[in-house]
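Subject: Structure handover

Hello,

Here is the structure you are taking over. My notes on it come after the file.

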Amino acid sequence: MKNVYSNSTKLGIRHLRCAVSVAQNLSLTGAAQDCNVALSAMSETIKQIEDDVGVTLFDRSQRPLVVTEFGHYFVRDAIEVLARFDQSIRDMRDFGGKEKGLVRIASSPSLVSTLVIPALEEFRASYSNIEISVHQENAKNVSEQLRLGFVEIGLHERWKNMGILSSELLLTDNYGLVCSAEHPLATQSMVSFNDIANSTVIQLSHDTAIRKHLDADIGISEFVRADIETSDATSLIWMISQNIGVSVLPENAVMIPTNKNLCFVPIKGFTKNRKLYLLSHSKRIVSPAAAAFMNIVREVAQRHSKCL
């Protein structure tokens, strides 16, 4: 028997299964029957293993055959490898059948309330074993997490320099006044920028997508002065809910949960809107579970659009 000392090998899972079966049966004939192969094929498979590793695994001169010391080591490790391999196959089939997996999502706070939570309710009803991870982020961070592979699904506006990210329009969201139900402007059917300027105005900071759009489209600072600024949309909504001030925001912002009701009031002569997208990485394959969640998000978005 030749000695081979090389990292390369042509041995595969089939060889490991045959070796384990021979050790269990102490017979080439019994192993051939268990593995549903011809006796000659089983004999050749064992010979291939021994030629490759350079030692004898089974002493065939005795009846029943004897597992050598080297054979015991090999079979012990083969059993461990096969167990891990078989578990991996079961896991992959579970992933493919959406019986197991993790769906990672990064979304704007308003879309968590508008789309993600309703989609989660439907998704969990069909795929209860799938884990879900939801992160509330601004548009820049959503894009960055998609690029780095930290999440599979993004729900937000498109950030500049999308590059390898793909986008699919889900919703169009109109801008207007968002205020507490207790604020005097909440009873109006429509307001002007002069009405807003007479209130305490809270705006998102310049590093957010909403503020960038308002600055670029209308120069919002020329119409209303921000008395308070924050970079966090959830903090902004909570301040509005406490009637600390009002803000010019997309309509879906009133969907962010608070302990008090919010109102959306159109602004006279102001017809700007923002577009919200389903985002993903164009160079990566989306998992079956994530693909199923994305389909539900599309359906929820369609229903939401019809209700507006």
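The notes below go from the whole chain to single residues.

This is a predicted model, in which local features need pLDDT of at least 70 and side-chain atom pairs count only at pLDDT 80 or more, while totals for chains, interfaces and linings use all residues. Residues are numbered from 1 along each chain as its sequence is written, and side-chain values use heavy atoms, with hydrogens and water left out.

Confidence
The mean pLDDT (the predictor's confidence in each residue, from 0 to 100) of the protein chain is 87, and 93% of its residues reach 70 or more. Among the elements, strand E5 (residues 153-156) has the highest mean, 95, and helix H8 (residues 209-218) the lowest, 79. Over residues 1-6 pLDDT stays under 50; for this stretch the model has twelve contacts beyond four places in sequence. Contact means heavy atoms within 4.5 Å.

Whole chain
The protein chain has ten helices and eleven strands. Both are DSSP runs numbered from the N terminus: helices are H or I with at least four residues, strands E with at least two. Along the principal axes, the C-alpha atoms fill a box of roughly 100 × 35 × 30 Å.

Of the 308 residues, 42% count as buried. Buried means under 20% relative accessible area, exposed over 50%, and partly exposed in between (1.4 Å probe, protein chains only). Of the contacts with a separation of 6 or more, 72% are between residues 24 or more positions apart. There are 32 positive and 33 negative side chains, and the centres of the two sets lie 5 Å apart. Lys and Arg count as positive, Asp and Glu as negative, and His and the chain ends are not counted; each charge is placed at NZ of Lys, CZ of Arg, CG of Asp or CD of Glu.

The H9-E9 loop
Gly 245 is found in the loop between helix H9 (233-241) and strand E9 (247-250). Gly 245 is buried, at 3% relative accessible area. Beyond its neighbours within four places in sequence, Gly 245 is in contact with Thr 200, Ile 202, Met 239 and Ile 240. Asn 243 lies in the loop between H9 and E9 as well; its phi is near 65°, a positive value in a residue other than glycine. Asn 243 is partly exposed, with a relative accessible area of 29%.

Other loops
Leu 26 also has a positive phi, near 50°. Leu 26 sits in the loop between helix H1 (13-25) and helix H2 (28-35), and counts as partly exposed at 33%. In the loop between strand E1 (58-59) and strand E2 (66-67) is Pro 64; the peptide bond from Arg 63 to Pro 64 is cis, with omega near -5°.

Gly 101 lies in the loop between helix H4 (69-96) and strand E3 (102-107) and is buried, at 14%. The C-alpha atoms of Gly 101 and Ala 289 are separated by 6.7 Å, although the two are 188 residues apart along the chain.

Helix H8
The buried residues of H8 are Ala 209, Ile 210, Arg 211, Leu 214 and Ile 218. Gly 219 follows H8 and has a positive phi, near 60°.

Regards
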